[in-house]
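Hi everyone, thanks for making the time today. I'd like to walk you through a structure, so please have the viewer open and follow along with me.

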Amino acid sequence: MTLGSKERTGARAVMEVLLAEGVELVFGYPGGAVLPLYDELARTPIRHVLVRQEQNAVHAASGYARTSGKTGVCLATSGPGATNLVTGIASAYMDSVPVVIFTGQVPTRMVGSDAFQETDITGITIPITKHNYLVKDVEELPRIAKEAFYIASTGRPGPVLIDIPKDVALALCRASLPERVELRGYKPTYQGHPGQLRALARLLGEAERPLIFAGGGVLASRAEDYLRQLAEKLQVPVVTSLTGLGAFPEDNPLALGMVGLHGKPCANHALMECDLLVGLGVRFDDRVTGALEKFAPRARIAHLDIDPAEIGKNVRVDLPLVGDISCILQELLPLVAPASHGPWLQRIKELRNLYPLTYGRGGEVRPQWVMERLGEMTRGQAIIATDVGQHQMWAALYYGYTEPRSFVSSCGLGTMGYGLPAAAGAALARRDKQVWLITGDGSFQMSMAELGTAMEQGLPLKILLFNNQSLAMVRQLQHFYYDRQYTAIEFTGNPDFVRLAECYGAEGLRITRQEEVVPVLARAMGNDRLTLIECVISPEEMVYPMVPEGAGLDEMLLPE
Amino acid sequence: MKRTLSVLVENRPGVLTRVAGLFSRRGYNIDSLAVGRTENPSISRMTIVVDGDEQIIEQVGKQLNKLIDVIKISDITDDPYVGRELILIKVNAEPAVRGEIMQIVDIFRARIVDIARNSLIIEATGDADKIDAIENSLRPFGIREVVRTGKIAMLRGAKTRGMEASGNDTGE
């Protein structure tokens, strides 16, 4: 796309960048200061999705980005519009999701005067964006907008915000779109250091009990095929982080599932017994490691990540390797010889038998059992979006992810209310997939107004809402750490969720007994409407396994 | 352990906020920070003295490198370099003690840059030890006010830490 130096407004120049970047969809909410951008957006074929609150625009863009592999785009106005974005931006930042956010700002001459709907959004978002800009000169706008997309989507992805004062958006701009992005301060390392690669191959060759720990970086660099080839060639079992679910198919015999505070028992035990741990695109978050001094006590640790700052940040690393996971694994594969690791895989089999994932059987509806049925009925092929709480862990443990980019959740920040808008974004990105939202009554009420957005957009979302009329993950914490003094966790004013769905024009269904589970799930799967299933469960349910504070991963609490 | 980092950054508004914010957010201790334009008007140099163990210093460098506006970071602590601070000291100086103060100023090769009826302003440059020493020597006279810059530093010899030795330190 060559545009020469023809004069057009800054707002129009932004649209040229969006079109050049292949943007099809923008999530946003208008307001006074951003209207110049909206006015030009309306003249493009780009579709605008009007959300119900700005935070949800970022969540939706995040769900869209995570399932499509493209960069999500948001638009909001100055002041409250911009500050409402903050939780969404922080969520995207923690999970390294590429999102570009445009905010309107008061006119340049008023910046700094505490004008109506003025806020210093670039100042506010410095710690939660990969980079941000306040555009003061319209001639810089084409370059900045192009840079923003480049920065958001390359290296370790993340959110980038551009704050555009109203007069800058309206000013005439001569500058054309630059051909290339030139940033002397930003040069991500993609290729792994050859010496370190050989050292890693040597470590893998020497290890008797190797274990791969795969995270979101595998998905971000689209390395899932190379990961599978490596695991199979060397017969190395694989655990994943919450963010890494789907990076390695859980129906593969080498898959051990999620590791960590609520990780699968055999995954956690394997991590404590391995003699080589290869972290791929992970950041050794505290929800994974448990007590750091007890983490992987027998293992040498190799850490592969595109962000050098992650290496050595939390755990001691014996072999650091900076680069893109895809590039590294591609180069590593020919350097390693096939192996069988028979005794280790035998031990893994024992661990699976010794420490199965269990939840006991009760008469009432068990959410774990429901998630297992959903996994079977969708054959692990749906996209699962979740909110944050107990249901998130059940969705992580019991569904069985077989495809990359099929799990969408606020993993790092743990943002309640993420689920519904993210599911909507996923559904807009992947029309070919059924999208399920797994949520709880607490999280759902933080963003349930987005039902309106989903209906407007004609999205046939399937919402499975576990209703225990309480904040049961908080209850679980109070149970274990606050002497069972349950405070501020009970909801006595919940709406009738089935009727809530119906009053939006969606289908509402309810599960109160176990025999209703399969038929109701089947009914929801079989229709093409937005369907909300309220599944009534006990507030006394717990998420197990659970590693208590200060304990090692092999000191899990398990159900009685 | 104190380390001296020489950091090249884009000469743009907001860069200092990004750098200072990073330090406070991640709990790193800045001893001093001095910033100014370089021979290239589009680039500024920050000289940052930071206190921390090896792991913290490594993290400081890596996190700074993640800022898009940070072009290059060099830890020059172990290289031969000239390090300077500037201090302005307003000291009580009754006519009776002025001679004594002027002797101290001479010894430290400092300068008197302002004289009032009962006080002097003294300007001195040097490394941190010398600056501390002159301040201590003048304390008995009664120091009214001190203004002190952070350290700025430059490698000795023909070697530079400019753009020509470029490339981010992104190795392992």
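**Where the two chains meet**

Let's begin at the interface: 25 residues of chain A are in contact with 26 residues of chain B. Keep in mind as we go that this is a predicted model.

How much area is buried between chain A and chain B? The value is about 2,100 Å², and carbon and sulfur atoms give 49% of it. On the chain A side, please find I126(A), R184(A) and G185(A). These residues supply 31% of the area that chain A buries against chain B, more than any other three residues.

Now for the polar side of the story. Between chain A and chain B there are 2 salt bridges. You can look at one of them: the side chains of D307(A) and K66(B) meet with 2.6 Å from N to O. The interface of chain A and chain B also has 9 residue pairs in polar contact.

Which elements of chain A each supply at least two residues to the side that touches chain B? They are β6 (131-134), α7 (141-153) and β14 (319-322) of chain A. By class, that side of chain A has 10 nonpolar, 7 polar and 8 charged residues.

**Inside chain A: a strand with neighbours on both sides**

Next, please move to strand β5 (99-105) of chain A. It is largely enclosed by the rest of the structure, because 7 of the 7 residues of β5(A) are buried.

Which strands run alongside β5(A)? Strand β4 (residues 72-76) of chain A runs parallel to β5(A), joined by 5 bridges. Here G72(A) has V99(A) as its bridge partner. β7(A) also runs parallel to β5(A), and 7 bridges join the two. There, F102(A) stands opposite I162(A).

**Two helices to compare by eye**

Let's stay in this part of chain A for helix α5, residues 86-94. The buried residues in α5(A) are G88(A), I89(A), A90(A), S91(A) and A92(A). What covers them includes α3 (54-68), β5 (99-105), α6 (121-125) and β7 (159-165) of chain A, so our strand turns up again. Just after α5(A), have a look at S96(A), which takes a positive phi of about 55 degrees.

The other helix is α12, residues 265-273 of chain A, where 9 of the 9 residues are buried. Among them are P265(A), H269(A) and E273(A). What do the buried residues of α12(A) pack against? They pack against β9 (210-214), β10 (238-240), β11 (255-258), β12 (276-280) and α15 (342-354) of chain A.

**Further along chain A**

Now a sheet. In chain A, 6 strands form an open sheet in the order β16-β15-β17-β18-β20-β19, with parallel pairing. The edge strands are β16 and β19 (507-511), each pairing on one side only. Within the sheet, 6 bridges join β18 (residues 462-467) to β20 (residues 531-536) of chain A. One pair to click on is F466(A) with its bridge partner C535(A).

T402(A) lies in the loop between α17 (390-398) and β16 (407-408) of chain A. A polar atom of the T402(A) side chain lies 3.1 Å from the backbone oxygen of G380(A). Residues that T402(A) touches include P249(A), E250(A), D251(A) and R379(A).

**Over to chain B**

Finally, chain B. Its secondary structure comes to 4 helices and 9 strands, and along the sequence the pattern reads β-α-β-β-α-β-β-α-β-β-α-β-β. Of the 172 residues of chain B, 41% count as buried. The C-alpha trace of chain B spans about 60 × 35 × 30 Å along its principal axes.

Let me end on R161(B), in the segment after β9 (152-155) of chain B. R161(B) and V7(B) are 154 residues apart in sequence, yet 9.0 Å apart in space from C-alpha to C-alpha. R161(B) touches residues including L8(B), R45(B), D75(B) and D79(B).

How values were computed
Residues numbered from 1 in each chain as written. Chains lettered and ligands numbered in written order. Predicted model: local features only at pLDDT ≥ 70, side-chain atom pairs only at ≥ 80, totals over all residues. Heavy atoms only, no water. Contact = heavy atoms within 4.5 Å. Buried area = accessible area lost by both parts, 1.4 Å probe. Salt bridge = Lys/Arg side-chain N within 4 Å of Asp/Glu carboxyl O. Polar contact = N/O pair within 3.5 Å; in protein donor to acceptor, adjacent residues only side chain to side chain. Nonpolar A, V, L, I, M, F, W, Y, C, P; charged D, E, K, R; others polar. Buried < 20%, exposed > 50% of the residue type's maximum accessible area, 1.4 Å probe, protein only. Pairing = 2+ DSSP bridges. Lists of a residue's contacts leave out its neighbours within four places in sequence.
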